[in-house]
Amino acid sequence: MATMADVARSAGVSVATVSHVLNGTRPVLPHTRQAVLDAVEELGYTTNTLARSLVTSRTRSIGLAVSAISNPYFTEILQGVEASALEHGYSLLIADPHDDPEHERKVVQLLHERRVDGMIVAPSADPRGLLAYLGRHDVPAVFLDRLVDAPAADGGPRFDQVCADNAEPTSRLVTHLAGLGHRRIGLVAGRPGLSSTSERITGYRSGLAFAGLPYDERLLAHGDSESAGGEQATAALLSLAVPPTALVTGNNAMTIGTLRALRARGLSVPGDIALCCFDDFAWADLFSPRLTAIAQPSKDIGARAVRVLLERLAEPDRPARTVRLPSAFVHRTSCGCPEEPTRSEHPERPQQAQQPQ
């Protein structure tokens, strides 16, 4: 197996120069850098990551704690994280906290014990144990998708955070349905305690207010961000004395549960009830009718989280920041509109609601 000394002899440089080229620790003249890279390729040299980590105290690895198995939305985020980490020369260690606070703290500790350079975490609804561990051990971390209210001494965020916009896109779904004449619009909301849930509820209420509709707490049911919960929440809404004529679902898993509940009652979409969803997914365009949805930039969220973490590693003392990425309104037919699918980043709000049908 080729050594760094072999590479240095082949390239006609010092071992230190080879180290600077491979580790990026010091600028090297372009022709010298190329000579080293050519020698690496010719000799088939591979970096001894373990030896390098002992010297630099860096493993060039990132820990990722997201519920990727139980939530298909996080699968796309994982793809974004993995691609960006690989692009920057980092490996990825993945753990699934199952959205359980106690398990979350354990898997974060496990990742930390593997000496990852930093972590990307989608926090649970009760992240107190997570925050305590990260703070106690001074672990560089970025939260994604879900924000955590953990202010620093200066009043700003304590941790870097990356997520999509939630409130305004949800409001757009509500006003779109109101513009089609609906007056009783239900919301299948996610797990209480998650920032994404509370922000989408805020958007739901602001959309009602914009459309001149009253907020009725009976039209909001929590589906716990899961398919089974979405099915139960939808069943509860349909059992009201005056059920909703339109539904907004808070994530893709709950959308599946809602569709099950509607099918169990023999209700058609949009003939019997209109449906709009938060989260687009690969097969949403294959349903009949095709699902009108908010598409989050999930892969971009993952990639941006990696970049923010690497910036944190490079500048440990810089102020933490929250990055929000825009979502897109994907206009299809489950809302009751005719078959004229369009995709718009900023759909116009209806100027005047039609009469109820």
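The structure is a predicted model: local features need pLDDT of at least 70, side-chain atom pairs count only at pLDDT 80 or more, and totals for chains, interfaces and linings use all residues. Residues are numbered from 1 along each chain as its sequence is written, and side-chain values use heavy atoms, with hydrogens and water left out. An open sheet of 6 strands runs in the order 2-1-3-4-5-11, with parallel pairing.

**Sheet**

- Helices (H or I, at least four residues) and strands (E, at least two) are DSSP runs, numbered from the N terminus.
- The edge strands of the 6-stranded sheet are strand 2 (91–95) and strand 11, and each pairs on one side only.
- Two strands pair if DSSP finds at least two bridges between them.
- Neighbouring strands of this sheet are turned by 20° against each other on average, direction ignored.
- Axes are lines fitted to C-alpha atoms, for helices over the stretch in contact; angles run from 0 to 180 degrees between N-to-C directions.
- Strand 1 and strand 3 run parallel, joined by 4 bridges. Val 121 in strand 3 is the bridge partner of Ala 65.
- Strand 3 and strand 4 also run parallel, with 3 bridges between them. Met 119 has Ala 141 in strand 4 as its bridge partner. Ile 120 stands opposite Val 142 in strand 4.
- Gly 118 and Ile 120 point one way from strand 3; Met 119 and Val 121 point the other way. All four residues are buried.
- Buried means under 20% relative accessible area, exposed over 50%, and partly exposed in between (1.4 Å probe, protein chains only).

**Helix 7 and its crossover**

- Strand 3, helix 7 and strand 4 make a right-handed β-α-β unit.
- A crossover is right-handed if, with the strands pointing away from the viewer, the path from the first strand over the helix to the second runs clockwise.
- Helix 7 spans residues 128–137, and its buried residues are Leu 130, Leu 131, Tyr 133 and Leu 134. Seen down the axis of helix 7, these buried residues fall within an arc of 165°, so they line one face of the helix. The arc is that of the directions from the helix axis to the C-beta atoms.
- Cover for the buried residues of helix 7 includes helix 6 (101–113), strand 3 (118–121) and strand 4 (141–144). Contact means heavy atoms within 4.5 Å.
- Arg 128 and Arg 136 are exposed, on the face of helix 7 turned away from its buried side.

**Nonpolar cores**

- A nonpolar core is a set of buried Ala, Val, Leu, Ile, Met, Phe, Trp, Tyr and Cys residues joined through side-chain atoms within 4.5 Å.
- The largest nonpolar core has 25 residues; Ile 62, Ile 120, Leu 144 and Ile 301 touch the most other members.
- Ile 120 touches residues including Ile 62, Val 81, Leu 144, Ala 305 and Leu 309, not counting residues up to four places away in sequence.
- A second, separate core has 23 residues, among them Val 174, Ala 178, Val 248 and Ala 274.
- Helix 12 lies across strands including strand 1, strand 3 and strand 11, and runs at about 165° to strand 5.

**Strand 12**

- Strand 12 (residues 328–331) is covered on both faces. Ala 328 and Val 330 are buried on one side, Phe 329 and His 331 on the other.
- Strand 10 and strand 12 run antiparallel, joined by 3 bridges. Val 330 in strand 12 is the bridge partner of Ala 293.

**Backbone exceptions**

- Most residues other than glycine have a negative phi, and most peptide bonds are trans.
- A cis peptide bond joins Val 269 and Pro 270, with omega about 0°. Pro 270 is in the loop between helix 11 (252–264) and strand 9 (274–278).
- His 98 has a positive phi of about 55°. His 98 lies in the loop between strand 2 and helix 6, and counts as partly exposed because its relative accessibility is 48%.
- Asp 279 has a positive phi near 100°. Asp 279 is in the loop between strand 9 and strand 10 (292–295), and counts as buried because its relative accessibility is 4%.
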